[in-house]
Amino acid sequence: MSKSIKVALIGAGAFGTKHLDGIKNIAGVEVVSVIGRDLAKTKEVAAQYGVAHAGTDLGDSLALRELDAVILCTPTQMHAAQTIACLKAGKHVQVEIPLADRLADAEEVVALQKSSGLVAMCGHTRRFNPSHQWVHKKIAGGEFNLQQMDVQTYFFRRTNTNALGQARSWTDHLLWHHAAHTVDLFAYQSGAEIVQANAVQGPLHPTLGIAMDLSIQLKSRTGAICTLSLSFNNDGPLGTFFRYIGDSGTYLARYDDLFTGKEDKIDVSKVDVSMNGIDLQDREFFAAIRQGREPNSSVAQVLPCYRTLHRLEQQLQAAG
């Protein structure tokens, strides 16, 4: 593909604008449509980024003859159905994490992608963050054998709000959304499937109906283990913090920063062409389209993560 890739951004909220910012730095890609829930606000976003078409329905974008690809940044509960709609319309698609909130839906997406031959990718951004890439290259090069990951994913969201503190029209989920990042990353970094998974959760929120605190333990076929703590109740430093413990060192990853276990900072600025994980994620998506290949974080590659989440959900339901 030599022509410019024409892409639609669906979901013009807090995360959608991060993709729009990243795409500005990628040559040969043009955003031709922006879709959002509120037409007036969506038109403002479209105007800000110089996009001609704005609307409120995915179908409006899919009807554009010049459209090649779609990036979905919509509520979790819509991801699988919208991904399927894009593939059926013959469009390459990148859907933000999670791919689905039910295993059966994730499996349907993967089956359709395989039959269509289109590029379908899920936004498991941790695979692309330079800090985690640096560790991955150490592992792949045989310089670091992962023995344990200790991960904390903490937010303060006792009301239904997004990362900007704005009211959400949908309910977020610690297991199917936030745990998905680490479950996938642990399997990716250990280089093997997860063979053991256990979880316990705290009380359900009285109105949101979701657990506000969750603890997960994982074991890879390699023998490496992972402990993941998640909370929407944490009134303190927010975000996700990773400790990699191996046979030749300890590394602490905090977003795009990486430190040794003794808090010496590691320069990861030369790991990739950008320090922005979402930018790198989008670059991989468009490169895969141009090169006609499977992308890193394809829907098929991340499907084992959702099988693990399904097992954990069944375990939590059985425990009551």
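A: The structure holds 0 disulfides, a disulfide being a pair of cysteine sulfur atoms within 2.5 Å. Cys-73 is in no disulfide, and its nearest cysteine sulfur, in Cys-122, sits 11 Å away. For Cys-86 the closest cysteine sulfur is that of Cys-73, at 11 Å, which is too far for a bond. Cys-73 has 14% relative accessibility, so it counts as buried (under 20% relative accessible area; exposed is over 50% and partly exposed lies in between, with a 1.4 Å probe and protein chains only). Cys-86 is buried as well, with a relative accessible area of 0%.

Some ground rules: this is a predicted model, so local features need pLDDT of at least 70 and side-chain atom pairs count only at pLDDT 80 or more, while totals for chains, interfaces and linings use all residues. Residues are numbered from 1 along each chain as its sequence is written, and side-chain values use heavy atoms, leaving out hydrogens and water.

Now the sheet. Eight strands, in the order S8-S9-S10-S7-S11-S12-S13-S14, make up an open sheet with mixed pairing. At the edges stand S8 (194-201) and S14 (265-266); each has a single partner strand, so one side of each is left without a neighbour in the sheet. Helices (H or I, at least four residues) and strands (E, at least two) are DSSP runs, numbered from the N terminus, and two strands pair if DSSP finds at least two bridges between them.

Inside that order, S7 (residues 146-154) runs parallel to S10 (residues 225-231), with 7 bridges between them. Asp-150 stands opposite Thr-227 of S10, and Thr-153 has Leu-230 of S10 as its bridge partner. S10 also pairs with S9, this time in the antiparallel sense, again over 7 bridges. There, Asp-213 faces Ser-231 in S10. The S9-S10 hairpin has 4 residues between the strands, and Gly-223 takes a positive phi near 100° in it.

What packs on the sheet? Helix H6 (residues 130-140) touches S7, S11 (239-246), S12 (250-254), S13 (257-260) and S14, and its direction makes about 155° with that of S12. Contact here means heavy atoms within 4.5 Å; axes are lines fitted to C-alpha atoms, for helices over the stretch in contact, and angles run from 0 to 180 degrees between N-to-C directions. Helix H7 (residues 174-190) lies across S7, S8, S9 (213-220), S10 and S11, at about 20° to S9.

H7 also leads us to helix H5, whose buried residues pack against H7, H4 (79-88), S6 (120-123) and H9 (299-319). Those buried residues are Leu-103, Asp-105, Ala-106, Val-109, Val-110, Leu-112 and Gln-113. Just after H5, Gly-117 takes a positive phi of about 75°.

On the charged side, the structure holds 12 salt bridges, each a side-chain nitrogen of Lys or Arg within 4 Å of a carboxyl oxygen of Asp or Glu. One of them links Arg-221 and Glu-193, with the closest N and O atoms 2.6 Å apart. Arg-221 is in the loop between S9 and S10 and Glu-193 in the loop between H7 and S8, so the pair ties together parts 28 residues apart in sequence. Arg-221 is exposed at 56%, whereas Glu-193 is partly exposed at 46%. Glu-263 bridges to Arg-254 at 2.8 Å between the closest N and O atoms; Glu-263 is partly exposed at 43%, and so is Arg-254 at 29%.

One more set of strands is worth a look. S4 (residues 69-72) runs parallel to S1 (residues 5-10), joined by 4 bridges, with Val-70 of S4 as the bridge partner of Ala-8. S4 also pairs with S5 (residues 92-96), parallel too and over 4 bridges; His-92 in S5 is the bridge partner of Ala-69. In a regular strand the side chains alternate between the two faces of the sheet. In S4 both faces are covered, as Ala-69 and Ile-71 on one side and Val-70 and Leu-72 on the other are all buried.
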